[in-house]
Amino acid sequence: MKLENARVVVTGGAAGIGKSLAKLLAARGCKVVVADYDLDRATAAASEIGPLAHPVRCDVSDHASVEALAEQAYALLGGVDAVFANAGVSHSGALIDATPEQLDWVMGVNVRGVWSTASVFAKRMIASGHPGHICITASEHALGLQHTGGGLYTASKHAALGLGEILRAELPETIGVSVLCPGLANTELHLSGRVSPFGPGDPGSVAVGAAVLARGMSADRVAEGAIAGVERGDFLIVTHSISFKAAERRFAEISAAFAAQAPWSADAERYDVNRVVAEVIASLKDAGDKA
Ligand SMILES: NC(=O)c1ccc[n+]([C@@H]2O[C@H](COP(=O)([O-])OP(=O)(O)OC[C@H]3O[C@@H](n4cnc5c(N)ncnc54)[C@H](O)[C@@H]3O)[C@@H](O)[C@H]2O)c1
């Protein structure tokens, strides 16, 4: 989908990759809703970007808030051609030390938020009869990066990729789906505590996070890659060549496990679940037709 003069919603648009997306899209003549949990920062970002940007408060982890965002976006833009489900938060700490509440928060924003955004906007795009595109921001974590100390985040990004894969299969061809999987980017993700119910976070971890992220790729470069990927219609959008190492390591492990434990055999396709489902549905229909 060409992203020139398009009508676009960017969640998490007040900072980092989302703000760069909104800025670069507005520079291409797009009308952009800058949706964020933090309305003050969304308003500041929108006024920096210019008259094509419109700030809207939205908490993507709250389905009603996403419904309200869609209502406002359609009223402000006269329709929506593309949505970047980009809002996300990080949480640092060993996985076994996380609390159930922290897990719910990270999954609430990074998984439920992506699902709500995709569900609410895809339904409206389909109803409008116009083509649309949904781009989900996951991470290189979803490709197999084993970065200890961010386990809840890693798990949430696998779920985001899973949501994208099923959306691609289930949505009509008129609605494109992409999953952006960036690596280290120079953003304010270490400040996720600003929007966390648990407060700003341990100052030591926040300082380490800030120093690490400061060495990341510029958010503009990541956003440029995302926009180019959506325009090409790519499903997987990658930006950091180093991420391939993680993906390769994971695939090598999967490959070795199959070679040793379940090598290809003559009856392998008997258990092809999609084929089994299709055959069962066809036979039930056949039985129904005959009855
Ligand atoms: N920075 C990185 O290294 C990196 C790498 C890979 C993927 N990502 C992903 O990129 C996306 C953008 O993150 P970023 O790095 O630009 O971080 P950022 O913190 O700079 O920006 C995230 C924005 O999302 C907003 N937000 C947080 N919770 C929200 C909620 N519940 N509802 C609406 N908005 C909310 C924040 O207020 C903030 O403005 C995230 O999904 C993140 O996981 C970041």
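Contact here means that the C-beta atoms of two residues, placed from the backbone, lie within 7 Å.

Before going on, two notes. This is a predicted model, where local features need pLDDT of at least 70 and side-chain atom pairs count only at pLDDT 80 or more, while totals for chains, interfaces and linings use all residues. Residues are numbered from 1 along each chain as its sequence is written.

Back to Leu21, which lies in helix H1. Helices are DSSP runs of H or I with at least four residues, strands are runs of E with at least two, and both are numbered from the N terminus. Is Leu21 buried or exposed? Leu21 counts as buried because it has 32 C-beta neighbours inside 10 Å. The cut-off for buried is 20 or more other C-beta atoms within 10 Å of the residue's own, with C-beta atoms placed from the backbone; exposed is 12 or fewer, and partly exposed is in between.

Next, the ligand. There are 35 residues around it, and Gly12, Gly16, Ala87, Gly88 and Thr187 are the closest. A residue is near if its C-beta atom, placed from the backbone, lies within 6 Å of the molecule. Two elements give two or more residues to this shell, helix H1 (16-27) and helix H4 (100-128). H1 gives the most, three residues. By class the shell has 17 nonpolar, 13 polar and five charged residues. Nonpolar means Ala, Val, Leu, Ile, Met, Phe, Trp, Tyr, Cys and Pro; charged means Asp, Glu, Lys and Arg; the others, Gly among them, are polar.

Now the protein as a whole. It has nine helices and nine strands. The radius of gyration is 20 Å, close to the 19 Å from the globule rule for 291 residues, so the protein is as compact as a globular protein of that length. That radius is taken over C-alpha atoms, and the rule is 2.2 Å times the number of residues to the power 0.38. Buried residues make up 42% of the 291.

Last, the domains. The assignment, automatic or from a database, gives domain 1 (7-240) and domain 2 (246-291). Their C-alpha centres lie 33 Å apart. Four residues from domain 1 and four from domain 2 form the contact. On the domain 1 side, two are nonpolar, one is polar and one is charged.
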